[in-house]
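Trainee: I am new to this structure. Could you take me through one part of it closely, the enclosed space inside and the packing around it?

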Amino acid sequence: RFGLERNWWYEGRRDPVAATDAALDYLEVLHDRFDDWYLALAGYNAGEGNVGRAKRRAPEGAGFFELKLPRETSAYVPRLLALAELVANPEAYGVTLPPLEPTVPFEVVATGSQMDLSVISRVTEIDVETIYQWNPALNQWSTPPNGPHHLILPVELAEAAAERIAAVPADQRVEWLRVTVRPGDTLSQLAARHRTVVASLKQANGLRNARITAGDSLLIPKTP
């Protein structure tokens, strides 16, 4: 509904940037619907349908505190309000907050196309574990073939990494082959032909079984 991709390669709900943008878009939609930020926040927590039904059951003009909502939601909005008040006026409540710099610790680096994470790791000298840690939306060992073509990287590493990624030629960005299944091909034959195993082919292509059809496109991991 808000443009978050969800597939074998990528889970947009775990992308800190994309998911935050989607959440803000949703809150704006909820505010447009209810014309009230408290109800928008309640809809974000309980679902807009639940809030809409609660409004219809309530007297005309009833606000958040007059609606019969799930217990969790009835506490969710007041807790957010209390937290906002504490952050705005910590001294008034005897609270000491840690200093926070208004800076973002990461940058979004464009890859331009699909890239194998091992290639990225090699050219940027950033270990694969760190890449996964900063990019929880990635489900597999490369960025998605159809995008989004970006990575989130620590700000102190991003500029150099962007330059090195941009310098990688198109034919060196992935370390597997894409082949078209021919009539009569089986997964075991393809595995033998490319010196790999059926399990690797199934994993690389998200296959639940070994059934393939002529014309299918398969990823074949490269082997030395």
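Mentor: Here is a walk from the cavity to the core, and then to a few backbone details.

Keep in mind that this is a predicted model. Rolling a probe the size of a water molecule over the atoms shows where empty space is left. Here the count comes to one cavity of 30 Å³ or more. The volume of the largest cavity is about 80 Å³.

What lines the largest cavity? Y10, D15 and P16 take part in the lining. So do N135, P136, A137 and L138. P144, P148, H150, L151 and I152 complete the list. By type, the lining holds nine nonpolar residues, two polar and one charged. Which element gives the most to this lining? Strand β2, residues 150-154, does, with three residues.

Look at P148 again. P148 sits in the loop between α6 and β2. The peptide bond that leads from G147 into P148 is cis, and its omega is near 5°. Most residues other than glycine have a negative phi, and most peptide bonds are trans.

A137 also lines the cavity, and A137 is touched by E11. E11 belongs to the segment before α1. Is E11 buried or exposed? E11 counts as buried, because its relative accessibility is 11% and buried means under 20%. Its side chain makes a polar contact of 3.0 Å with the side chain of R13. Leaving out residues up to four places away in sequence, E11 touches E5, R6, A137 and N139.

In soluble globular proteins, nonpolar side chains tend to be buried together. The largest nonpolar core has 19 residues. Those with the most contacts inside this core are M115, L117, I120, I131, L151, L153 and I165. Elements giving two or more residues to the core are α5 (117-124), β2 and α7 (155-166). There is also a second, separate core of 16 residues, with F34, L41, A42 and V51 among them.

Stay with α5 for a moment. Its buried residues are L117, V119, I120, S121 and T124. What covers them? The cover includes α6 (128-134), β2 and α7. Take I120 as one example. Not counting residues up to four places away in sequence, I120 touches M115, E125, I131, L151 and I165.

E125 lies in the loop between α5 and α6, just after α5. E125 is not a glycine, but its phi is positive, about 65°. E125 is exposed because its relative accessible area is 68%, and the cut-off for exposed is over 50%.

D35 lies in the loop between α1 and α2 (37-46). Its phi is near 55°, a positive value in a residue other than glycine. D35 counts as exposed, at 61% relative accessibility.

Finish inside helix α1, at Y26. Y26 is buried, with a relative accessible area of 16%. Which residues does Y26 touch, not counting those up to four places away in sequence? They are R1, F2, G43, Y44 and E48. Y44 is 18 residues from Y26 in sequence, and the two are 7.7 Å apart in space, C-alpha to C-alpha.

How values were computed: Residues numbered from 1 in each chain as written. Predicted model: local features only at pLDDT ≥ 70, side-chain atom pairs only at ≥ 80, totals over all residues. Heavy atoms only, no water. 1 Å grid on protein atoms, 1.4 Å probe; cavity = no way out; pocket = protein on both sides within 12 Å on 5 of 7 lines; lining within 4 Å. Points joined across faces, edges and corners; volume = space filled by probe spheres on them. Helix = DSSP H or I, 4+ residues; strand = E, 2+ residues; numbered from the N terminus. Nonpolar A, V, L, I, M, F, W, Y, C, P; charged D, E, K, R; others polar. Core = buried A, V, L, I, M, F, W, Y, C linked by side-chain atoms within 4.5 Å. Buried < 20%, exposed > 50% of the residue type's maximum accessible area, 1.4 Å probe, protein only. Contact = heavy atoms within 4.5 Å. Polar contact = N/O pair within 3.5 Å; in protein donor to acceptor, adjacent residues only side chain to side chain.
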